[in-house]
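Welcome, and thanks for taking a look at this one with us. Here is a short briefing to read alongside the sequence and the 3D view.

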Amino acid sequence: MRDRPPLADQRVMIVEDSFLEAQAACDIVQRHGGYVVGPHPTTHQALMSAIENRPTLALLDVDLDGKMSFLLADALSSLGVPLAFFSGYDRAMAPERFKSSTWISKPATDEAVLSGLEEALYHRH
């Protein structure tokens, strides 16, 4: 019997303003059995999509063209969506409520992104 892929049946929202990084994240999710919601380059697009598509997991870039994604993270958290932040910023700059959240540092390998998504999904803080 084959093991299920680690992201099997998960609807993973990708919120990333860099086209190349968004595409790489989408590829990782799809290769590991997940469905991509997005990618979305803005918090507004992501929020509208979250209401309609009900993601089960989210990968959020912290800085979206100069706008921080923490308010979006609050909204997704209130919907019960586990989060992984994907950023070149240090975790220390995060608001206190997100300091224990999964934090994937850019640049990251495919394995680091997958591991971070699994941590957010299965080991919620």
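In this predicted model, Ile14 stands opposite Leu59 of strand β3.

- Five strands make up an open, parallel sheet, arranged in the order β2-β1-β3-β6-β7.
- The edges are taken by β2 (35–40) and β7 (102–105); each has a single partner strand, so one side of each lacks a neighbour in the sheet.
- On average, neighbouring strands of this sheet are turned by 20° against each other, direction ignored.

**Strand β3 and its partners**
- Strand β1 (residues 11–15) pairs with β3 in the parallel sense, over four bridges.
- Strand β6 (residues 83–87) also pairs with β3 in the parallel sense, over four bridges.
- Along β6, Leu83 is the bridge partner of Ala58, while Phe85 stands opposite Leu60.

**Burial of β3**
- In a regular strand, side chains alternate between the two faces of the sheet.
- Leu57, Leu59 and Asp61 are buried on one side of β3, and Ala58 and Leu60 are buried on the other, so that both faces are covered.
- Five of the five residues of β3 (residues 57–61) are buried, so the strand is largely enclosed by the rest of the structure.

**Helix over the sheet**
- Helix α3 (residues 70–78) lies across β1, β3, β6 and β7, and runs at about 165° to β6.

- Met68 sits in strand β5 (residues 67–68) and counts as partly exposed, at 36% relative accessibility.

Terms used. Residues numbered from 1 in each chain as written. Predicted model: local features only at pLDDT ≥ 70, side-chain atom pairs only at ≥ 80, totals over all residues. Heavy atoms only, no water. Buried < 20%, exposed > 50% of the residue type's maximum accessible area, 1.4 Å probe, protein only. Helix = DSSP H or I, 4+ residues; strand = E, 2+ residues; numbered from the N terminus. Pairing = 2+ DSSP bridges. Axes fitted to C-alpha atoms, helices over the stretch in contact; angles between N-to-C directions. Contact = heavy atoms within 4.5 Å.
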